[in-house]
Amino acid sequence: MAKYRSSSPAETENLGEALAKTVKGGTVVALYGGMGMGKTVFVRGMAKVLSPNAEVQSPTFALVNEYPGNPPLVHFDMYRVNSWDDLYVSGFWEYLDAGAVVVTEWSENIESALPDNTVRVVFTREGETERTIETEAAL
């Protein structure tokens with residue numbers, strides 16, 4: 001895994017932009033890390049490339065936000081997903097088949113449902129503002 005350091009939301013967004021430039025439709029990006037780690041900020045950076053007019057917000061209550069583009073960007077929050085039924089109701093499987101770039105926060109909760117070629121991104125806190133962001137994709 002490639003390891004990057006981020007000291008600010010802007011740096012985290014930049015890493016998201018860099019990853020977005022490497023993905024294509026049908027890619028699943030699984031984000032791992034606790035509350036307040038910068039996962040949604042990372043997705044905001046991805047959206048700058050994939051859906052430039054998107055106003056990215058955490059899909060905590062909506063469960064999924066779709067942002068138009070070619071390919072579209074679909075942003076899931078799996079925090080409240082506790083079963084296969086929950087995952088099925090979310091529309092996750094349909095989005096995988098639709099050719100979108102699918103990004104999931106709280107991927108720990110759906111690990112066994114992720115495709116084999118999923119790009120995993122792990123966020124670790126390294127102090128008050130520092131984050132280590134590890135990814136299987138070189139940015």
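Phenylalanine 42 and phenylalanine 123 are both buried, a term that stands for under 20% relative accessible area, with exposed meaning over 50% and partly exposed in between (1.4 Å probe, protein chains only). The model is predicted, so local features need pLDDT of at least 70 and side-chain atom pairs count only at pLDDT 80 or more, while totals for chains, interfaces and linings use all residues. Residues are numbered from 1 along each chain as its sequence is written, and side-chain values use heavy atoms, with hydrogens and water left out.

**Aromatic pairs**

- Rings of Phe, Tyr and Trp (its six-membered ring) pair if their centres lie within 6.5 Å, and planes under 30 degrees apart count as stacked, over 60 as edge-to-face and the rest as tilted; by this rule there are six aromatic pairs.
- The ring centres of phenylalanine 42 and phenylalanine 123 are 5.5 Å apart and the planes stand at 90°, so this pair is edge-to-face.
- Distant parts of the chain are linked by this pair, since phenylalanine 42 belongs to helix α2 and phenylalanine 123 to strand β6, 81 residues apart; helices (H or I, at least four residues) and strands (E, at least two) are DSSP runs numbered from the N terminus.
- Phenylalanine 76 and tyrosine 95 also form an edge-to-face pair, at 5.6 Å centre to centre and with 80° between the planes.
- Because phenylalanine 76 lies in strand β4 (residues 73-77) and tyrosine 95 in helix α4 (residues 92-97), their pair ties together parts 19 residues apart in sequence.

**Serine 6 in strand β1**

- Serine 6 is placed in strand β1 (residues 2-6) and is buried, with a relative accessible area of 0%.
- Leaving aside residues up to four places away in sequence, serine 6 touches Glu11, Thr12, Leu15, Thr129, Glu130, Arg131 and Ile133, where contact means heavy atoms within 4.5 Å.
- The C-alpha atoms of serine 6 and phenylalanine 123 are separated by 9.9 Å, although the two residues are 117 residues apart along the chain.

**Helix α1**

- The twelve residues of helix α1 (residues 9-20) should span 16 Å at 1.5 Å a residue, which agrees with the 16 Å between its end C-alpha atoms; the expected span is 1.5 Å times one less than the number of residues.
- Buried residues of α1 include Thr12, Leu15 and Leu19, and the buried residues of this helix pack against β1, β2 (28-32), α2 (39-50), β6 (119-125) and β7 (131-135).
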